[in-house]
Amino acid sequence: MLFFNLSAFYFFYFAAVAVYIIFMPKVLHDIGYTPSEIGIIFALAPLMRFATPFLFLKHIKLDEKIFKLALFTSILSSIGFYFTLNNFYTFMLNNALLGVCLSLILPYIEVIALKELGKEKYGKSRLYGSIGFMVIALVLAKFLSEPQIALHYYLSINILIVIFSLMLLKYDVPHEETISSKPFSVLEYWPFWLSLFFMQMSFGGFYNFFTIYETEHNISLELTSYLWSFGVICEIVMFYYQAPLLKNNLLNIIKFAIAATTLRWLLLFLYPDNLYLTFFTQSIHAFSFGLYHSAVIIYLYKIYENKKLAQQFMYGVAYGLGGFVGALVAGWLYGEYLFLYSSIFALMSLIFVFFIKTERKI
């Protein structure tokens with residue numbers, strides 16, 4: 001039952017992510033938002049993900065009560081989309097509120113998943129998130145005839161996320177015993193955190209502008225949804241078969257995944273309208289997200305004793321601060337050279353990994 005509930009949570013959570021990152025930028029673009037405005041809006045939620053974990057260092061404890069509050073507030077934020085969509089400032093603030101909720105929900109569930117399933121079954125459960133992402137990418141592309149449809153999908157899926165999250169709470173256990181007298185420190189592994197930041201920053205152009213970028217290079221919205229889906233299929237295969245790979249040195253796996261991502265963005269810059277090469281770049285998503293994500297969260301799970309806080313900071317620094325800056329920069333730099341800059345950011349991420357000092361094989 002645990003595996004089913006976790007798989008359902010991941011399915012609906014990343015289905016919601018698909019609505020948000022694939023179609024919402026297109027919706028905003030179609031109703032008159034400029035690229036810079038889109039960049040600002042989709043940068044604010046990641047910024048909140050970055051800021052929120054700092055509250056939990058001393059002031060707040062991430063417990064069941066706070067988790068439930070985040071769940072129900074996320075529904076209120078989803079409802080708020082209906083009333084704020086056509087106003088830049090109110091829609092921006094609504095995204096900020098959603099960002100606070102997201103900074104708590106997924107890290108909380110990830111700790112439960114890693115503890116109860118272990119890395120052997122974690123990938124197989126997590127792959128259902130990729131399936132949910134792919135299903136929405138294919139389905140919504142056919143039915144998105146007006147902006148309100150995307151909002152209907154997002155609210156419905158968010159309600160299902162809350163239902164399965166509440167069902168998973170019975171598997172949660174207190175984690176006070178994992179917090180020793182040694183304080184949580186980001187500076188202890190600063191090159192790793194900087195690498196996380198630049199890696200996610202490199203995704204700013206992809207997550208926020210890939211749909212717009214491809215459709216402006218004469219690839220239809222439906223075919224672009226197939227590109228998204230193909231990348232997710234490759235990611236699913238990786239999640240299913242990655243367990244043996246994760247038994248190797250995690251830092252070497254992370255280096256390989258970042259190097260592959262650097263090549264991915266470079267090819268997308270050089271051949272934006274070459275459909276075959278674009279499909280190839282999407283296949284690299286198996287490494288640049290699927291394998292990379294698992295290696296990173298397992299690495300953090302091993303090196304930090306306060307595991308919930310480590311996962312919060314991972315989503316805060318990478319998907320939060322990195323996503324915030326990446327979205328802003330992508331909005332400012334959107335154009336012919338967008339993915340060249342993305343490739344440079346990924347290369348910087350790779351360089352910082354080589355500065356990580358470890359005394360044991362992780």
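1. Is G231 buried or exposed? G231 counts as buried because its relative accessibility is 1%, where buried means under 20% relative accessible area, exposed means over 50%, and partly exposed falls in between (1.4 Å probe, protein chains only). G231 sits in helix 8, residues 221-241; helices here are DSSP runs (H or I, at least four residues), numbered from the N terminus. Leaving out neighbours within four places in sequence, G231 is in contact with Q282 and H285, contact being heavy atoms within 4.5 Å. K61, on the other hand, is 170 residues from G231 in sequence and 37 Å away in space, C-alpha to C-alpha.

2. A word on what you're looking at. This is a predicted model, in which local features need pLDDT of at least 70 and side-chain atom pairs count only at pLDDT 80 or more, while totals for chains, interfaces and linings use all residues. Residues are numbered from 1 along each chain as its sequence is written, and side-chain values use heavy atoms, with hydrogens and water left out.

3. Now the core. The largest nonpolar core has 133 residues, and F9 and M314 are the ones with the most contacts inside it. Helix 4 (residues 88-143) gives the most to this core, at 24 residues. For the record, a nonpolar core is a set of buried Ala, Val, Leu, Ile, Met, Phe, Trp, Tyr and Cys residues joined through side-chain atoms within 4.5 Å. If you click on M314, look for W193, L196, H293, V296, I297, L300 and Y319, which are its contacts once neighbours within four places in sequence are set aside.

4. Helix 7 (204-215) is worth a look. How many of its 12 residues are buried? The count is 11, so the helix is mostly covered by the under-20% rule. End to end, helix 7 reaches 17 Å from its first C-alpha to its last, close to the 16 Å expected at 1.5 Å a residue; the expected span is 1.5 Å times one less than the number of residues.

5. N218 lies in the loop between helix 7 and helix 8, and has a positive phi of about 65° although it is not a glycine. N218 counts as exposed because its relative accessible area is 77%.

6. H29, 239 residues from L268 along the chain, has its C-alpha 22 Å from that of L268.

7. Helix 5 (residues 147-168) has 22 residues and should span 32 Å; its end C-alpha atoms are 32 Å apart, which agrees. Its buried residues include I149, L151, Y154, N158, V162 and F164. Two of these turn up again with S74 of helix 3 (residues 64-84): leaving aside neighbours within four places in sequence, S74 is in contact with N158 and V162, as well as L98, C101 and I105. S74 is buried, at 1% relative accessible area.

8. On to charges. Side chains of opposite charge can pair when their charged atoms come close. The count comes to 2 salt bridges, a salt bridge being a side-chain nitrogen of Lys or Arg within 4 Å of a carboxyl oxygen of Asp or Glu. E64 pairs with K68, the closest N and O atoms being 3.1 Å apart. These two are separated by about one helical turn because they are 4 residues apart in helix 3. E64 is partly exposed at 36%, and K68 is partly exposed at 31%. The other bridge joins E116 and K115, with the closest N and O atoms 3.6 Å apart; E116 is partly exposed at 33% and K115 at 40%.

9. Last, the surface. L187, W190, L194, L347, I351 and F355 form a nonpolar patch with about 610 Å² of accessible area together. Patch residues have over 30% relative accessible area and no salt bridge, with nonpolar side chains (Val, Leu, Ile, Met, Phe, Trp, Tyr) joined within 5 Å and like charges within 9 Å; areas come from the Shrake-Rupley method with a 1.4 Å probe, and for residues only the protein chains shown count as cover. Helix 6 (190-202) and helix 13 (338-353) each supply at least two of the patch residues. I351 is in helix 13 and counts as partly exposed, at 44% relative accessibility.
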